[in-house]
Amino acid sequence: MDPLALFQSPEWTRVIGVFDLETTGVDVQHDRIVTAHVGVLDAAGTVLTARDWLADPGVEIPEGATAVHGITTEHARAEGRPARVVVAEIVDAVRGILDAGIPVVAYNAPYDFSLLKHEAERHGIAPILSPAPVIDPLVVDKAYDRWRRGKRTLTVVAEHYAVRLDGAHEASADAIAAGRVAQALAERYAAWLPPTAEELHTRQIGWARAQAASLTEYFIQIGRLDPDDRLDGSWPIR
């Protein structure tokens, strides 16, 4: 017997795009892409298509960034392709998936999409200014399991949803794990999720704004933010 339609995973989970960047730092306006992964998964989370990039970012890669993703300045200069070429190809790959009507999963989407936008503008490439539909497992997880204690890093959340993550902070591993977490979330919360990726995209805009406001108030209470400061809740791009 087929399961009740109410509890079936949404249609969008059958084919999803995945996208992740590893970079020189966490400043989306000024830091640069080092590695990237863009791919497509099927309903079982199996990789259908995938592409990886290694760029020469044109700047020194700080030791702290290398400690995260393992790419040194010397390696990027020797093996990486020119940043402008890489950025153009990443933009084309992500845009192609979105133009096909396939949602793109990115964990903490405003980071990856904002940094890609600034990189595109830096190199004179037409940026993706309003990516849609985007699925951000970080935002969705916080919306449906708000009170769960502990960190919400991809490593922790993947473990919570029993998704394997081999080689965290390696772009392909992170991208694929994020896609599978999105599918796990869709399966667990199928009865409550909006039916389309487009509607879920719209819901996430409001959820992200509310989550940023809540975190702002908490940080003010514990003294990490001044009372007049506010976290930017723009989503999926800042």
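## Terms and basis

Two strands count as paired if DSSP finds at least two bridges between them. Strands (E, at least two residues) and helices (H or I, at least four) are DSSP runs, numbered from the N terminus.

This is a predicted model, in which local features need pLDDT of at least 70 and side-chain atom pairs count only at pLDDT 80 or more, while totals for chains, interfaces and linings use all residues. Residues are numbered from 1 along each chain as its sequence is written, and side-chain values use heavy atoms, with hydrogens and water left out.

## Overall form

The protein chain holds 8 helices and 6 strands. Starting at the N terminus, their order is β-β-β-α-α-β-α-β-α-β-α-α-α-α. The radius of gyration, taken over C-alpha atoms, is 18 Å, close to the 18 Å that the globule rule gives for 238 residues, so the chain is as compact as a globular protein of that length. That rule is 2.2 Å times the number of residues to the power 0.38. The C-alpha trace spans about 55 × 45 × 30 Å along its principal axes.

Of the 238 residues, 50% are buried, meaning under 20% relative accessible area (1.4 Å probe, protein chains only).

Strand β2 (residues 33-42) has 9 of its 10 residues buried. Strand β1 (residues 15-23) runs antiparallel to β2, and 9 bridges join them; G17 has V40 in β2 as its bridge partner.

With strand β3 (residues 47-56), β2 pairs in the antiparallel sense over 7 bridges.

## Nonpolar cores

A nonpolar core is a set of buried Ala, Val, Leu, Ile, Met, Phe, Trp, Tyr and Cys residues joined through side-chain atoms within 4.5 Å. The largest one has 63 residues, and F19, I90 and F113 have the most contacts inside it. Helix α7 (residues 171-188) gives the most to this core, with 10 residues. Apart from it lies another core of 6 residues, including V34, A65, I71 and A76.

Contact means heavy atoms within 4.5 Å. Not counting residues up to four places away in sequence, F113 touches F19, V94, V104, A106, P131, V134, P236 and I237.

## Helix α8

Among the buried residues of α8 are L200, W207 and F219. The buried residues of this helix pack against β6 (134-135) and α5 (137-144). After α8 comes G223, whose phi is positive, near 85 degrees.
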